[in-house]
Amino acid sequence: MNSAKLLNDQGQPQAVPLSERVHWIGALDPNLRTFDIILKTANGTTYNAYVIRGSSGVAIIDTVKEGFSADFFTRFESVADYSEIRVIVLNHLEPDHTGALPELMRRAPQAQLFISQKAQSMLKGLLKQNELRFTPVLTGDSVSLGDRSLQFLHTPYLHWPDTQCTYAPEEGILFSGDVFGCHFCDSRLFNDRVGDFRFSFEYYYAHIMRPFKEYVLRALELIQPLPLRLIAPTHGPILRDRPEHYIQRYHQLSIPALHSELSAHQKTLLIFYISSYGNTRRMAEAIYQGALQVEDVRVSLYDLEGGEVAPFVDLIEEADGMILGTPTINGDAVKPIWDLLSSLTVVNLKSKLGGVFGSYGWTGEGVRLVEDRLRGLKLRVPIPGLRVKLIPTDDEILECRAFGLELAQELMGIRENKQVNLADLS
Ligand SMILES: Cc1cc2nc3c(=O)[nH]c(=O)nc-3n(C[C@H](O)[C@H](O)[C@H](O)COP(=O)(O)O)c2cc1C
Ligand SMILES: [Fe+2]
Ligand SMILES: [Fe+2]
């Protein structure tokens, strides 16, 4: 076999054994440089699909991206016949794994299709076929292939609502879909033989799984008790050497780190601002002083001009609240604020507290635009944005302090009276 392309002596793509009964029948895509717009793929990717043979039939788990179907079918034909296929499992309906499905179902019309409960509504939208027959499954459901079987694990939102994992107990193999996958193309296929793919593994987690940490932890609760010999994901190396190491890494990456340092009743509030003439900065400092007056709120103040976006994203991910300050420049908030906000798509912001403030000269749209964006990102913005025309007066500085105090009280659930007496704050 030509190992670089996984071809046989006749130049045909070959299936690769994971065990006597399980084969990889996927495709290599070494030339891909960008995946789904958002991911860079420095050495391409693989679309992993698998076939498992039981005493009463064959199952296919996932397919490949359209355009790579020929390799998939030829590899399948090297180990089984279409008439033997009883089961097709789709762990995830994204087109990189369902591209070959319509043709596969034409070739194996007798096969029964298994998808997750949440995949049902997506299947029609993706495949544009009305007549598809399928069986929706949840954790606890299984299908027998005679002396081999497949058990389904409901693991939604990793990274689409439809995702599931499939476990083959007699083999000790977890077909994990995109979970534990990465974009790394190496025809040696197995993690103990390929090059150093640590960067790709971490990068994939950071961009694909990170927004769904809570769902990762729930999925790990199902996965951790399973006796595992091997994890077979849909992209990148097959994890046969110490598969538990990758489960542990997912766990480490998904548990909140900061909250273990804080006591149970403490909350964190971050204030970020940017300012050209110091007006928004003066507001920020007063808001900071106001928030500091509330016990058990850990407040931090940052000038965006002095920071890199990535570490700020890490801070925001674990904070309970975030207040942003921006002047209005040419009818808009300024670019560093938008850059920060556009970087937050990798973290879960739902129900965090938000607030916005800023100085302006004549129209002052910046604050309102950022406020709308925070609401769009599902933050809670209980107090309307605070705007000050040009240089804040002493009274306006007091208003800023009140704004900070009220937001901090809101964070602690102790904001009773919306009317703060300014004289108390001077
Ligand atoms: C290039 C430039 C464009 C501006 N465009 C607007 C604008 O469209 N609307 C507005 O309300 N203020 C505008 N301003 C005024 C600023 O918002 C105002 O000076 C504000 O106080 C600056 O706050 P800072 O010192 O925190 O940067 C502009 C200022 C500059 C320098
Ligand atoms: Fe995916
Ligand atoms: Fe994928």
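The crossing of helix 6 and helix 7 is left-handed, a term used where the near helix is turned anticlockwise from the far one by less than a right angle, the clockwise case being right-handed. The contact between the two is made by Lys213, Val216, Leu217, Leu220 and Ile223 of helix 6 and by Ile247, Tyr250, His251 and Ser254 of helix 7, where contact requires C-beta atoms, placed from the backbone, to lie within 7 Å. These residues divide into six nonpolar, two polar and one charged, with Ala, Val, Leu, Ile, Met, Phe, Trp, Tyr, Cys and Pro counted as nonpolar, Asp, Glu, Lys and Arg as charged, and the others, Gly among them, as polar. The structure is a predicted model, in which local features need pLDDT of at least 70 and side-chain atom pairs count only at pLDDT 80 or more, whereas totals for chains, interfaces and linings use all residues. Residues are numbered from 1 along each chain as its sequence is written, while chains are lettered from A and ligands numbered from 1 in the order in which they are written.

The crossing of helix 8 and helix 12 is right-handed. Helix 8 contributes Arg282, Met283, Ala286, Ile287, Tyr288, Gln289, Gly290 and Ala291 to the contact, and helix 12 contributes Ile397, Cys400, Arg401, Ala402, Phe403, Gly404, Leu405, Leu407 and Ala408; by class, the residues of this contact are twelve nonpolar, three polar and two charged.Axes here are lines fitted to C-alpha atoms, for helices over the stretch in contact, with angles running from 0 to 180 degrees between N-to-C directions; angles under 35 degrees count as roughly parallel, over 145 as roughly antiparallel, 65 to 115 as roughly perpendicular and the rest as oblique. Helices (H or I, at least four residues) and strands (E, at least two) are DSSP runs, numbered from the N terminus.

Ligand 1 is surrounded by 18 residues, the closest being Ser276, Tyr277, Thr280, Pro327 and Gly361, with a C-beta cut-off, again placed from the backbone, of within 6 Å. Helix 8 and strand 20 (353-360) each supply at least two residues of this shell.
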